Amino acid sequence: MFVKGSMARLRPGLARMRLQPLAAGRVGQNRCFSVARPSLFQYSGRRFNEEPDKNKNKKDKKDEQDPNRPPQDLFKRTKWTDWIFPGLVITLLLNSYSGEENNQMTFQDFKVNFLEKGLVKKINVINGTFVEAELVTQHPKSIAFSIGSVEFFEREIDQVQDRLGIPNNERIPVSYLRRSSIFSYIMPFVPTLILIGGTYYLARQFQKRGPNGKGGGPLNNIMGFGKSKAKLFNKETDITVKFKDVAGCDEAKEEIMEFVTFLKEPQKYEKLGAKIPKGAILSGPPGTGKTLLAKATAGEAGVPFLSVSGSEFVEMYVGVGASRVRDLFATARKNAPCIIFVDEIDAIGKSREAGPMGSNDEKEATLNQLLVEMDGFEDTDHIVVLAGTNRADILDKALTRPGRFDRHISIDRPDIEGRKAIYKVHLRPLKLAEPVTDEFAGRLAALTPGFSGADISNCCNEAALIAAREDCDVVELVHFEKAIERVIAGLERKSRVLSPEEKKTVAYHEAGHAICGWYLQHADPLLKVSIIPRGQGALGYAQYLPGDEYLISQEQFEHRMIMALGGRVSEEINFDDVTTGAADDFKKVTQMANAMILRLGMSKKLGTITFETSNQQAQVHKLFSEETFELIDNEVKRVINEAHGKCKKLLTEKIDEVEKVAQELLTKEVLTRDDMIRLLGPRPFEEKNDAFKKYLLPKDSSQDTPHPDQGAQMA
Ligand SMILES: Nc1ncnc2c1ncn2[C@@H]1O[C@H](COP(=O)(O)OP(=O)(O)OP(=O)(O)O)[C@@H](O)[C@H]1O
Ligand SMILES: [Zn+2]
């Protein structure tokens, strides 16, 4: 008989399908036989009268031992814990599936075959939907079936018993039971269990197959949330940077030297009772070598270096930042004496005064923890905390008070001598055509005013890349010049083809800039004019070389404005219509005019007052009257209009020169300083840029390179 067996239990649907004809046939032909077997059907869904199925166990066991069975691979888990989660889910699924009532007996069968024959001893109505009837016979001892409604069932039973004339006191006792399966208790916890189980399961899986096969996968990191992300550089192996690798910034080095001596010989200070500063803030524009200097300090002192970025403390979860700060200092104490370097400290150390968006509790908590830790460690801990920032001005005052970051070391962009020194450092590893001379480094430095250390390092690398691309054996000056131009103005875009009209407009526009620059006294030395598109959006540009200036006069300002307007004015003079090409020029002009009026006291009408406010304040309060507003407006317009007028006058006078330069540009696309001298004669003024005179002018040939700041990229 195929009826019996594990199949009936494991696959109730299938069992039902096969069993039904048999049962129906039997029921139809021989009711006694059919009623003698109801418990068989109940194996599929019923829980009582169930006999352990030995065959099934045997079969399963056999299956497990069969190595050729492919799904078996799935079962090759080693630990039982791996099965908790999948097991839970499978059990629940099976239960919900087998939980369906699979009872095959109907009330009619019950009535005809048992009730009317007087075989029923007791009736239990379970949960109002299901009936178990105890029988007087031994085989079967009981039967079970579903009912639609209790009232109907009761009525039917009464009717049968009425019909059979059973007196009231002998009627079949009916009891009403409430039975709940174990799952109804478990069910409310299931979502939580699945969640916990799922997380645990996934965490284990990730742990097993972490990157580089060592475990510790991404999910595992969740467990290490509060851990600091600081990178520890070991003194013996990792820190190879010394002060000699940090060029320029001599004052900064001198100041930071104090920490080196302290970390090397703390007794020297301690025996005199001196308290060594706990930390210093290194401030300066991006790429000026703050991180490098901090690392070199560790390198010189021969102590470990813990480097972390302020933004790495910031997480959206409350308390994580503070916990990371604690962890960082705990690590530092273990490695003392050592240096902690927190880059971008402004990410957490911003002034705690509530901004327009209100305060940020998590950041405050992180900052507070940092303050607590800094107060907490003693001089005897021999830990120095250095912090880098581009915005020292917005730091919380509590950070900079004595006892915390009480030294402020500012590192500026390098001047010509600084750049020269930095070039020498970064030229060292390169294979050059000739040994690095003062002249060579000076020339590169003169060509790159405003470059930071990082720019210089980038530029040297770029030069080597260009040399390699051109299959040269050594890096030459020309490669550096190309690299500098590329760093400043972006990549040449020869593929951007301009129409002849566009090209003509660009040529006259650039010629306008160039002529203004040539004939204005305070204009910076002109290096190159080009109408080859470069970078993003620049169709042409005139390049000048400003010196390292710290003061700019009003007249210089005005001349720069006139130069910036030269492009548009040349278009006005030479064409019937103007183009969009001067948008960037206008931005510069407006910025300069605003600065003159609002900040620099260069307007007689407004006087020596600064009208500049932070944006947030301006939004909330009106800081000056309508009349002042109007006056500012008028003054800005006046300054720009005057510059425009002077520019127009100059270019109208020099219209032939503009024509010459524009035509030459149209044929050659790039004009160097030599070309300009050939076309216009020497500049009527002496060049004021010392670096230019010293390193570039004597050999004034075709060494033409751009500069990064003002004047470059005249669109
Ligand atoms: N004075 C310098 N001497 C030699 N190299 C320098 C100097 N300054 C910067 N560099 C080069 O620039 C790179 C970047 O510098 P660094 O990361 O120290 O700048 P930073 O000031 O910390 O920048 P940021 O403010 O963006 O963090 C250095 O790795 C180094 O190669
Ligand atoms: Zn322009």
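Biologist: How far from an oxygen atom of ligand 1 does a backbone N or O atom of Ala454 lie?
Modeller: This is a predicted model, where local features need pLDDT of at least 70, side-chain atom pairs count only at pLDDT 80 or more, and totals for chains, interfaces and linings use all residues; side-chain values use heavy atoms, with hydrogens and water left out. Residues are numbered from 1 along each chain as its sequence is written, while chains are lettered from A and ligands numbered from 1 in the order in which they are written. A polar contact is a pair of N or O atoms within 3.5 Å. For Ala454 and ligand 1, the distance is 3.3 Å.

Biologist: What share of the accessible area of ligand 1 does the protein cover?
Modeller: Accessible areas come from the Shrake-Rupley method with a 1.4 Å probe. On its own, ligand 1 has 630 Å² of such area. The protein covers 77%.

Biologist: Which residue has a polar side-chain atom 2.8 Å from a nitrogen atom of ligand 1?
Modeller: A set of 17 residues surrounds ligand 1, each with a heavy atom within 4 Å of the ligand. Ala247 is among the closest, but its atom 2.8 Å from a ligand nitrogen is a backbone N or O. The polar side-chain atom belongs to His426.

Biologist: Which strands stand at the edges of the open sheet of 6 strands?
Modeller: Strands are DSSP runs (E, at least two residues), numbered from the N terminus, as are helices (H or I, at least four), and two strands pair if DSSP finds at least two bridges between them. The order is 5-7-8-9-6-10, with mixed pairing.

Biologist: What angle does helix 14 make with strand 8?
Modeller: Angles run from 0 to 180 degrees between N-to-C directions of axes fitted to C-alpha atoms, for helices over the stretch in contact, and contact means heavy atoms within 4.5 Å. Helix 14 (residues 290–301) packs on the sheet and touches strands 5, 6, 7, 8 and 9. Its direction relative to strand 8 is about 175°.

Technical notes
A polar contact is a pair of N or O atoms within 3.5 Å; within protein, one must be able to donate a hydrogen and the other to accept it, and residues adjacent in sequence count only if both atoms are side-chain atoms.
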